[in-house]
Amino acid sequence: MARSVHFVSLGCAKNRVDTEVMLGVTGEQGLEVVDDPAAADVIVVNTCGFIGPAKEESIDTVLEMGRYKEDGSCAKLVVTGCLVQRYATDLAAQMPEVDHFLGSSDMLKLGEILRGRGERLMVGNPAEWSMRATDPRRLTQRRHSAYVKIAEGCNRTCSFCAIPAIRGKQRSRPVDDVVREIEWLAAQGVVEANLVSQDTVAYGRDLADRPSLAALVRRIADVPGIRWVRLHYLYPETLSDELLELLAGHPNVLPYVDMPLQHASDELLRRMRRGHGGRRVYATIERLRRALPEMVFRTTFIVGHPGEADGDFAELLDLVRFAEFDHVGVFLYSHEEGTRSGDMTDLVPSRIARARQRQLLSVQRRISRAKLRARIGTEVEVLVDGVDEETELLLEGRWWGQAPEVDGKVHLANGDASAGEFRRALITHAADHELVADLLDANGRRSSPLCDDESDDGGVAAVAAEIEA
Ligand code: SF4
């Protein structure tokens with residue numbers, strides 16, 4: 001009988017939630033979760049199958065974990081998630097070392113495997129499954145911040161994207177079910193709820209009573225204990241006035257907009273089948289800036305999509321310079337089978353795509369640095385995440401403009417605080433994506449005199465020099 005399980009979670013935040021559900025299933029079976037794969041009877045790898053590099057990482061990880069089976073310490077290797085959903089039969093043929101494969105909607109079936117049963121291939125139809133508040137879940141990493149999946153799947157037809165084929169059409173969770181999960185999370189100590197799905201603005205359109213995203217967000221924001229509600233993956237279409245009012249005025253809803261724009265050129269947006277042109281992108285940004293003057297804007301772009309000419313890329317650079325986004329991710333196009341873009345033949349050489357990625361990131365880096373430097377000397381409220389990963393002499397946290405894991409952090413000096421606590425802090429240094437700040441006490445004063453002692457500053461100078469380098 002298995003007694004211990006080790007998990008490796010790859011890919012996006014949605015996959016993280018799926019892993020947390022499998023951790024919950026493991027707990028229900030009374031098994032121990034261990035950090036060391038060498039100490040595990042069962043190893044579970046939750047994979048990503050979205051684009052080329054993610055697929056490679058997933059396969060490399062499975063092969064690496066397979067070594068624990070070879071040396072006899074691991075009795076069962078289980079591979080789950082999007083890569084399996086997409087390539088189940090091929091993987092089963094090529095990876096004899098894997099004992100069980102579970103698809104992207106089959107997390108609860110891990111229980112059968114842990115009880116010593118279950119077939120080798122258990123890949124269901126994602127269209128028949130959505131997460132529910134009653135599913136077991138065990139939070140990973142921080143106990144005060146959680147991702148919440150408000151819907152599964154996607155109804156759009158973006159030409160570069162394999163997600164609808166992997167995860168199926170959109171299935172929104174009922175409002176009451178999401179709120180029930182948030183209430184449970186708040187009872188566990190969660191104060192920050194990061195709402196995720198593939199297409200968050202489309203929330204509710206597939207449900208019989210068609211609840212609006214704004215109605216859901218209002219209910220979530222009013223759950224006692226929840227202080228920060230953050231929305232991810234808003235498709236660039238008109239946001240309702242009701243939602244904008246919440247983003248602008250509800251004390252618990254952050255005016256943080258995460259809107260993947262993908263491109264700016266009419267021709268590229270047409271090829272990507274985004275359903276709009278560049279003018280809509282500019283109009284959307286301008287409307288948001290008018291409605292939310294304090295807005296922090298995160299977006300992502302794809303460079304090197306088939307047919308992207310120098311002129312198209314120049315239009316993308318123009319947009320980035322115009323919009324002065326706060327956070328930008330730039331993905332290299334990945335030629336994926338089963339997608340419309342995957343049938344296009346006018347490919348951009350990878351050396352050109354990489355050069356465009358570097359150039360775009362470099363333009364954005366200057367914008368981001370200038371924006372963060374303008375914050376030096378100002379006070380912010382930070383959510384303390386815990387001991388700084390770079391030096392245990394400091395703490396780390398985030399101000400509301402920084403989403404967990406993707407937007408950098410604030411290194412916190414001169415004071416003590418607990419993970420999950422909200423504190424005021426004075427920003428003292430800034431770099432491309434990170435800040436250094438002094439914690440303030442309840443009276444708005446620096447909590448400790450360390451900041452005045454250059455010779456013993458608790459590691460602040462070293463961290464500041466590192467992030468400024
Ligand atoms: S909206 Fe996002 S998940 Fe849906 S098809 Fe487009 S890129 Fe893929």
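Residues are numbered from 1 along each chain as its sequence is written, and side-chain values use heavy atoms, without hydrogens or water. Because the model is predicted, local features need pLDDT of at least 70 and side-chain atom pairs count only at pLDDT 80 or more, while totals for chains, interfaces and linings use all residues.

Me: At which residue does helix 3 bend?
Reply: Helices (H or I, at least four residues) and strands (E, at least two) are DSSP runs, numbered from the N terminus. Helix 3 covers residues 82-94 and reaches 17 Å from its first C-alpha to its last, close to the 18 Å expected at 1.5 Å a residue, where the expected span is 1.5 Å times one less than the number of residues. The bend is the angle between axes fitted to the seven residues ending at a residue and the seven starting there. In helix 3 this angle is about 90 degrees, at Ala-88.

Me: Which helices are included in what covers the buried residues of helix 3?
Reply: Buried means under 20% relative accessible area, exposed over 50%, and partly exposed in between (1.4 Å probe, protein chains only). The buried residues of helix 3 include Cys-82, Tyr-87 and Leu-91. Contact means heavy atoms within 4.5 Å, and the cover includes strand 3, strand 4, strand 5 and strand 6, together with helix 2 (52-70) and helix 5 (163-167).

Me: How many residues around the ligand are charged?
Reply: The shell includes Cys-154, Arg-156, Phe-160, Gln-198, Tyr-235 and Arg-274. Ala, Val, Leu, Ile, Met, Phe, Trp, Tyr, Cys and Pro count as nonpolar, Asp, Glu, Lys and Arg as charged, and the others, Gly among them, as polar. On that basis the shell has seven nonpolar residues, one polar and, as charged, two.

Me: With which residue does Arg-167 form a salt bridge?
Reply: A salt bridge is a side-chain nitrogen of Lys or Arg within 4 Å of a carboxyl oxygen of Asp or Glu. The structure holds 39 salt bridges. In one of them, the closest N and O atoms are 3.2 Å apart, and the partner of Arg-167 is Asp-18. This pair links distant parts of the chain, 149 residues apart, with Arg-167 in helix 5 and, in helix 1, Asp-18.

Me: Is Glu-20, a member of a salt-bridge network, buried or exposed?
Reply: Glu-20, Arg-137, Arg-173, Asp-177 and Glu-181 are linked in a network of salt bridges. Glu-20 is found in helix 1 and touches Pro-136, Arg-137, Arg-138, Leu-139 and Thr-140, not counting residues up to four places away in sequence. Because its relative accessibility is 3%, Glu-20 counts as buried.

Me: Is Tyr-233 buried or partly exposed?
Reply: Phi of Tyr-233 is near 60 degrees, a positive value in a residue other than glycine. Tyr-233 is found in the loop between strand 11 and helix 8. Because its relative accessibility is 23%, Tyr-233 counts as partly exposed.

Conventions
Near = heavy atom within 4 Å.
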